[in-house]
Amino acid sequence: MRTQCRECGLGFGAEVERGQPLPCPNCQHAREVAADGWDAAAAKVDRCPLCGCDHLYRQRDFNRTLGCVLVIIGILLVPWTYGLSLIVLSGVDLVIYYMLPFAVVCYRCDTVYRDARPGPRQGEFDLLKHDVVKYGKTWVDKREKRQA
Ligand SMILES: [Zn+2]
Ligand SMILES: [Zn+2]
């Protein structure tokens, strides 16, 4: 899974283990890992082990580098294929995207649990929910703003 250190902002990949603190490779700041609310064997995360937030969403585990490489190849081939390469490779891109498994992501700390499979409660990314969970905005706030 991919996480980001809250002390120094470094993003890094790590394995979380039940009850084992997770140290940052850069500043050594260790974060507590919750012992329950998730199950690695069952590939389930109900509550974020790192921040205790129980709002998570599903996201395609897409390799952005691969996507970029495909687009660049498409662009490079344009003079020989009269632009067809672009269309073909963006098609390939799309197919790869839909074949990818889902990962589970925490709304609050953005940690990506790549080995977890989303449960029925964990839907697609919701910007409104993201703002509420992350920045502490309330639902009431949003509605008032919309009416104004
Ligand atoms: Zn750090
Ligand atoms: Zn979290």
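Into which domains is the protein divided? In this predicted model, the chain is assigned to domain 1, which comprises residues 1-60 + 102-128, and domain 2, which spans residues 62-100. The C-alpha centres of domain 1 and domain 2 are separated by 31 Å.

The largest nonpolar core consists of 16 residues. Within this core, the residues with the most contacts are Val45, Leu56, Val104 and Val105. Strands β7 (56-60) and β8 (102-106) each contribute at least two of the core residues, and the largest share, four residues, is supplied by β8. Leaving aside residues up to four places away in sequence, Val45 touches Trp38, Leu56, Val104, Tyr113 and Ala116. In general, nonpolar side chains of soluble globular proteins tend to be buried together.

A helix pair was then considered. Two packed helices are described by the angle between their axes and the distance between the axes. Helix α1 (residues 64-76) and helix α3 (residues 84-99) have axes that come within 8 Å and cross at roughly 165°. Because angles over 145 degrees count as roughly antiparallel, α1 and α3 are classed as roughly antiparallel to each other. The crossing in which α1 passes α3 is right-handed. On the α1 side, the contact is formed by Gly67, Leu70, Val71, Ile73, Gly74 and Ile75, which meet Ser85, Leu86, Leu89, Ser90, Val92 and Asp93 of α3.

Positive phi values were found at residues other than glycine. Glutamine 28 has a phi near 65°, a positive value in a residue that is not glycine. Glutamine 28 is placed in the loop between β3 (22-23) and β4 (30-31). This residue counts as exposed because glutamine 28 has 10 C-beta neighbours inside 10 Å, and a residue with 12 or fewer is classed as exposed. For tyrosine 82, phi is near 55°, likewise a positive value in a residue other than glycine. Tyrosine 82 lies in the loop between α2 (78-81) and α3. With 9 other C-beta atoms within 10 Å, tyrosine 82 is therefore exposed.

Glycine 13 belongs to strand β2 (residues 11-13). Glycine 13 is exposed, since 10 other C-beta atoms lie within 10 Å. Glycine 13 and proline 23 are ten residues apart along the chain, and a distance of 11 Å separates their C-alpha atoms.

Key:
Residues numbered from 1 in each chain as written. Chains lettered and ligands numbered in written order. Predicted model: local features only at pLDDT ≥ 70, side-chain atom pairs only at ≥ 80, totals over all residues. Core = buried A, V, L, I, M, F, W, Y, C linked by C-beta atoms within 7 Å. Buried ≥ 20, exposed ≤ 12 C-beta atoms within 10 Å, placed from the backbone. Contact = placed C-beta atoms within 7 Å. Domains from an automatic or database assignment. Axes fitted to C-alpha atoms, helices over the stretch in contact; angles between N-to-C directions. Parallel < 35°, antiparallel > 145°, perpendicular 65-115°, else oblique. Left-handed = near helix turned anticlockwise from the far one by under 90°.
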